[in-house]
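Student: I have a protein structure open beside its sequence, and I would like to learn how to read it one feature at a time. Could we go through it together?

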Amino acid sequence: MSDDLISKKDLLDLAGISYGQLYRWKRKDLIPEDWFIRKSTFTGQETFFPKVKILERINKIQMMKENLSLDELADMFSPNIADLQLEKDELIKRNIVSNTVIDYYLEIEKGGPEFNFSRILEVYVLEKLLQSGEINLDEGKMLLQVLLDNKSLIKQKSAELVITRKLGVSSCFLIINTESFHFERGTKIVAQLSLMACMEEIKSKLL
């Protein structure tokens, strides 16, 4: 079995949780349905999970459930925050974005100083990748255009942003519901980012 997957039995042992807890969290949408992967093995059908994602999620749930109810956690892990509006200065104050990056974003995006969650996600992704040094300003402009052109897709649970570079030429992709992808030889993956993980990081800063 792939090293990227972990069986349900091994997960329960490793995380120290019960079968009941796991499925209660699933019913509350704390763990996405598509992380429960059914596969045939020599003993029959078994359930597997994406190892890194599920262990990170369970760790977050266990750390935060002392202070938040399951319903509050579900709201945090949900891909939607309806009616959220924050001013530019509030985003800077909460360390979601820097003044320099938000000004660069507004220069490209041409919107006003009030941000809904969709715009917060866009500027946060831009901030994250520019500050890490993984991309330059031109690549930032390119990735922002991809996000702006695909607003209806970026809140899907499996959306991932991938930036590649080959012979000095960069490309940006928004990938939905894909377990793996492959590029031609010589292509370097510069950055790969789960938009759902970014949403959760933003929500944790807002709580």
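The dialogue below goes from the whole chain to single residues.

Tutor: Before anything else, keep in mind that this is a predicted model.

Student: How many helices and strands does the secondary structure of the protein come to?

Tutor: The protein has nine helices and eight strands, and its C-alpha atoms fill a box of roughly 55 × 45 × 25 Å when this is taken along the principal axes.

Student: What share of the residues in the protein is buried?

Tutor: Of the 207 residues, 44% are buried, where the word stands for a relative accessible area under 20%.

Student: Is Leu126 buried or exposed?

Tutor: Leu126 counts as buried, because its relative accessibility is 0%. Distance along the chain and distance in space can also be read side by side, as with Leu126 and Glu201, which are 75 residues apart in sequence and 14 Å apart in space from C-alpha to C-alpha.

Student: Next I would like to understand charges. How many positive and negative charges does the protein have, and how far apart are their mean positions?

Tutor: There are 29 positive and 32 negative charges, and their mean positions are 3 Å apart. As a general idea, side chains of opposite charge can pair when their charged atoms come close. In this structure the count of salt bridges comes to 13.

Student: Which residue forms a salt bridge with Asp71?

Tutor: Asp71 pairs with Lys28, and their closest N and O atoms are 2.8 Å apart. This pair links distant parts of the chain, since Asp71 is in helix α4 (residues 70–77) while Lys28 is in the loop between α2 (19–27) and β2 (37–41), 43 residues apart. Asp71 is partly exposed because its relative accessibility is 46%, and Lys28 is partly exposed as well, with a relative accessible area of 31%.

Student: Where in the chain are Lys60 and Glu200?

Tutor: Lys60 and Glu200 form a salt bridge whose closest N and O atoms are 3.2 Å apart. Lys60 is in helix α3 (residues 51–64) and Glu200 in helix α9 (residues 195–206), so the pair links distant parts of the chain, 140 residues apart. Glu200 counts as buried at 4% relative accessibility, whereas Lys60 is partly exposed at 26%. Arg57 also belongs here, as Arg57, Lys60 and Glu200 are linked in a network of salt bridges.

Student: Which side chain meets that of Glu90 in a salt bridge?

Tutor: The side chain of Arg94 meets that of Glu90, at 2.6 Å from N to O. Glu90 is partly exposed at 23% relative accessibility, and Arg94 is partly exposed with a relative accessible area of 30%.

Student: What can I read from the backbone angle phi at Asp29?

Tutor: Asp29 has a positive phi of about 65° although it is not a glycine. Asp29 lies in the loop between α2 and β2 and is partly exposed, with a relative accessible area of 47%. Asn95 is another residue other than glycine with a positive phi, near 60°; Asn95 lies in the loop between α5 (88–93) and α6 (99–109), and Asn95 counts as exposed because its relative accessible area is 60%.

Student: Which residues form a nonpolar patch on the surface?

Tutor: Phe173, Phe183 and Ile189 form such a patch, and together they have about 220 Å² of accessible area. To find Phe183, look in the loop between β7 (169–175) and β8 (188–194), where Phe183 is partly exposed with a relative accessible area of 31%.

Note on methods
Residues are numbered from 1 along each chain as its sequence is written. This is a predicted model: local features need pLDDT of at least 70, side-chain atom pairs count only at pLDDT 80 or more; totals for chains, interfaces and linings use all residues. Side-chain values use heavy atoms; hydrogens and water are left out. Patches are made of residues with over 30% relative accessible area and no salt bridge: like charges are joined within 9 Å, nonpolar side chains (Val, Leu, Ile, Met, Phe, Trp, Tyr) within 5 Å. Accessible areas come from the Shrake-Rupley method with a 1.4 Å probe; for residues, only the protein chains shown count as cover. A salt bridge is a side-chain nitrogen of Lys or Arg within 4 Å of a carboxyl oxygen of Asp or Glu. Helices (H or I, at least four residues) and strands (E, at least two) are DSSP runs, numbered from the N terminus. Buried means under 20% relative accessible area, exposed over 50%, partly exposed in between (1.4 Å probe, protein chains only). Lys and Arg count as positive and Asp and Glu as negative; His and the chain ends are not counted. The place of a charge is taken as NZ of Lys, CZ of Arg, CG of Asp or CD of Glu.
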